[in-house]
Amino acid sequence: VYGLYLDLDTDGNGMLSQKELLGYAGAYLTEVFVSRVFEEAQTYEGEMDFKAFLDFVLAMENKPTLQGLQYLWRGLGVNK
């Protein structure tokens, strides 16, 4: 997972921007979804650190679980 994080970090600053996260998993994510993820996740000056990325990856890889669905629902704004 850390190797993927480093691959996505195209500017090499150790953090992921929304644009960089759009490259996750073959870029099937929408800009709206990624924007919502960044609204819900703890970010630093608008960029995601490795811990927030790890939470994101775990949710994406475990969509059928309660925890995965809760994370994704927050990103979709379903529970608001």
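A contact here means heavy atoms within 4.5 Å. This is a predicted model, where local features need pLDDT of at least 70 and side-chain atom pairs count only at pLDDT 80 or more, while totals for chains, interfaces and linings use all residues. Residues are numbered from 1 along each chain as its sequence is written, and side-chain values use heavy atoms, with hydrogens and water left out.

Q: Which residues does S17 touch, not counting those up to four places away in sequence?
A: Start with where S17 sits: in the loop between α1 (2-8) and α2 (18-21). Helices are DSSP runs of H or I with at least four residues, strands are E runs with at least two, and numbering goes from the N terminus. Leaving out residues up to four places away, S17 has contacts with F38 and E47.

Q: Does S17 count as buried or exposed?
A: Buried means under 20% relative accessible area, exposed over 50%, and partly exposed in between, using a 1.4 Å probe and protein chains only. S17 comes in at 18% relative accessibility, so the label is buried.

Q: How are the ring planes of Y24 and F53 arranged as a pair?
A: Rings of Phe, Tyr and Trp (its six-membered ring) pair if their centres lie within 6.5 Å; planes under 30 degrees apart are stacked, over 60 edge-to-face, and the rest tilted. The structure holds seven such aromatic pairs. For Y24 and F53, the centres are 6.2 Å apart and the planes sit at 80°, so the pair is edge-to-face.

Q: How many residues apart are Y24 and F53?
A: Both of these residues are buried. Y24 belongs to the loop between α2 and α3, whereas F53 is in helix α4, so the pair links distant parts of the chain. The separation is 29 residues.

Q: Which helices each supply at least two residues of the lining of the largest pocket?
A: A pocket is an open set of 1 Å grid points, over the protein atoms alone, where a 1.4 Å probe fits, with protein on both sides within 12 Å along at least five of seven lines; lining residues have an atom within 4 Å of a point. Twelve residues line this one, with E40, A41, Q42, A52 and D55 nearest its centre. The helices asked for are α3 (31-40), α4 (50-61) and α5 (66-76).

Q: How many helices does the protein chain have?
A: From the N terminus on, the elements run α-α-α-α-α. There are zero strands, and the helix count is five.
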